[in-house]
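Visitor: Please take a close look at one part of this protein, the surroundings of the ligand. Which parts of the chain supply them, and how are those parts built?

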Amino acid sequence: MIHDIAIIGAGPAGAMAASKLDELGVDYILLDKAEFPRNKPCAGVLSPKIHSLVQIPEEVIDRKLVGYRVHGPPDAIVESKFPEPGCIVQRSIFDNYLIERLKTKPVINQASEIKDEGEHYLIKGRTEDIKARFIIGADGTGSIARKFIGSKSSKIAISAQYEFSLDEEKVSQRVGNWFEVFYLMEYGYGWLSPMKDGMKIGIGILADKKPDIWGMLDKFLDNSLIRPKIHQATLINKEAHSIPMSGPLDTLSSGRILLTGDAGGFVYPGTGEGIYYAMKSGQIAAELAYENLANQTNLDDEYNKRLEAAGLLSLRDADFIEKNLASPEHAERYIKKLKFLASRS
Ligand SMILES: Cc1cc2nc3c(=O)[nH]c(=O)nc-3n(C[C@H](O)[C@H](O)[C@H](O)COP(=O)(O)OP(=O)(O)OC[C@H]3O[C@@H](n4cnc5c(N)ncnc54)[C@H](O)[C@@H]3O)c2cc1C
């Protein structure tokens with residue numbers, strides 16, 4: 001059987017692409033190497049723009065989010081309150097919710113290679129091979145689809161995160177419903193994400209600086225801004241993962257393949273926010289794939305045009321970290337800029 005569209009990866013990018021194809025009534029196959037529900041290392045922060053893409057039921061929300069609080073040298077704090085609340089989720093629950101809404105559930109299969117066979121592509125899979133006319137690459141930072149296209153992310157951060165459990169009341173008193181970002185280290189930053197009855201605390205540092213990531217995270221926990229917040233908290237999980245840090249790749253398509261989400265670098269380098277951008281790029285890619293099956297257009301131009309119109313190409317900033325966070329002096333200048341912007345909004 002030859003499918004119209006194969007979506008590799010059923011995270012937020014792949015699930016949103018599939019949801020759009022459900023709406024359009026297109027035949028597709030969605031594959032993921034993991035069985036859902038599955039976890040994804042993440043702070044789970046969703047700014048309010050997520051509500052334009054999906055309705056999130058109360059039971060999927062772990063904690064409401066009122067805004068961002070940014071800390072930087074010397075002792076500056078910039079608060080940016082959202083016009084309406086966002087939310088914080090556990091990824092195992094949120095990603096599974098996105099899958100549950102679909103008409104076609106994901107098939108457990110790990111793609112290992114893609115071959116161009118003319119009219120269709122052959123996806124070599126661990127459990128079975130798949131044929132499809134069009135591919136949406138939604139397979140995260142280690143994307144097989146991206147490797148096939150030959151595109152590369154110019155900057156990657158290594159990140160590590162601890163999850164603590166702590167009494168709900170103490171989390172509310174010590175952090176409240178704010179996502180906190182800390183521009184206090186060179187070539188990267190730290191964060192604290194309050195959960196219902198716990199917190200996730202992590203750091204991300206440019207991979208080419210070869211950071212001792214767990215050593216740096218332990219040092220971050222000892223910071224006077226963090227230590228009191230985790231007093232009497234219990235460490236329950238630790239996880240590490242990579243984050244694309246230069247925004248959308250220069251090459252996001254080839255033939256009849258489109259890259260979405262982390263596979264295409266759709267992450268804001270200033271905070272590591274990627275879920276909304278993964279979902280939005282997945283939605284745009286699905287619409288375009290659908291149209292392209294009937295009427296072949298210049299895929300590359302059209303994808304870029306639509307991403308630009310949705311504001312996703314403004315995430316492209318290959319030197320964000322070097323420009324703003326290479327040293328305490330850079331961070332101080334950047335914080336001043338954020339303060340100025342916050343005062344005008
Ligand atoms: C520590 C950390 C904290 C973060 N915090 C936030 C945050 O608070 N808010 C936010 O918005 N973003 C955050 N991000 C970024 C966010 O997690 C990603 O941008 C987002 O998950 C991207 O979604 P995606 O669907 O593109 O990829 P993923 O969520 O990575 O999904 C990819 C899917 O593809 C599957 N897959 C991979 N390879 C294959 C294969 N070969 N074959 C089949 N299936 C495959 C995987 O199993 C996975 O299910 C964080 C990232 C990290 C690392």
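Guide: The shell around the ligand draws on both domain 1 (2–42 + 92–153 + 246–315) and domain 2 (63–87 + 155–245 + 320–344), with at least three residues from each. These domain bounds come from an automatic or database domain assignment. The model is predicted: local features need pLDDT of at least 70, side-chain atom pairs count only at pLDDT 80 or more, and totals for chains, interfaces and linings use all residues. Residues are numbered from 1 along each chain as its sequence is written.

In total, 40 residues surround the ligand, and the closest are Gly9, Gly11, Gly140, Gly261 and Gly274. A residue counts as near a molecule or strand if its C-beta atom, placed from the backbone, lies within 6 Å of it. By type, the shell has 19 nonpolar, 15 polar and six charged residues. Here Ala, Val, Leu, Ile, Met, Phe, Trp, Tyr, Cys and Pro count as nonpolar, Asp, Glu, Lys and Arg as charged, and the others, Gly among them, as polar.

Five elements each supply at least two residues of this shell: α1, β2 (28–32), β10 (156–165), β14 (234–244) and α6 (275–294). Helices (H or I, at least four residues) and strands (E, at least two) are DSSP runs, numbered from the N terminus.

Take the strands β10 and β14. They run antiparallel and are joined by 10 bridges; two strands pair if DSSP finds at least two bridges between them. Tyr162 has Lys238 in β14 as its bridge partner. Both strands belong to an open sheet of eight strands with mixed pairing, in the order β3-β5-β4-β11-β12-β13-β10-β14. β3 (45–46) and β14 are the edge strands and have a single partner strand each, so one side of each has no neighbour in the sheet.

Now the helix α1 (12–24). The buried residues of α2 pack against α1. In α2 (residues 91–100), these are Phe94, Asp95, Leu98 and Ile99. A residue is buried if 20 or more other C-beta atoms lie within 10 Å of its own, exposed if 12 or fewer, and partly exposed in between, with C-beta atoms placed from the backbone. Seen down the axis of α2, the buried residues fall within an arc of 140 degrees, so they line one face of the helix. The arc is that of the directions from the helix axis to the C-beta atoms.

Key:
Two residues are in contact if their C-beta atoms, placed from the backbone, lie within 7 Å.
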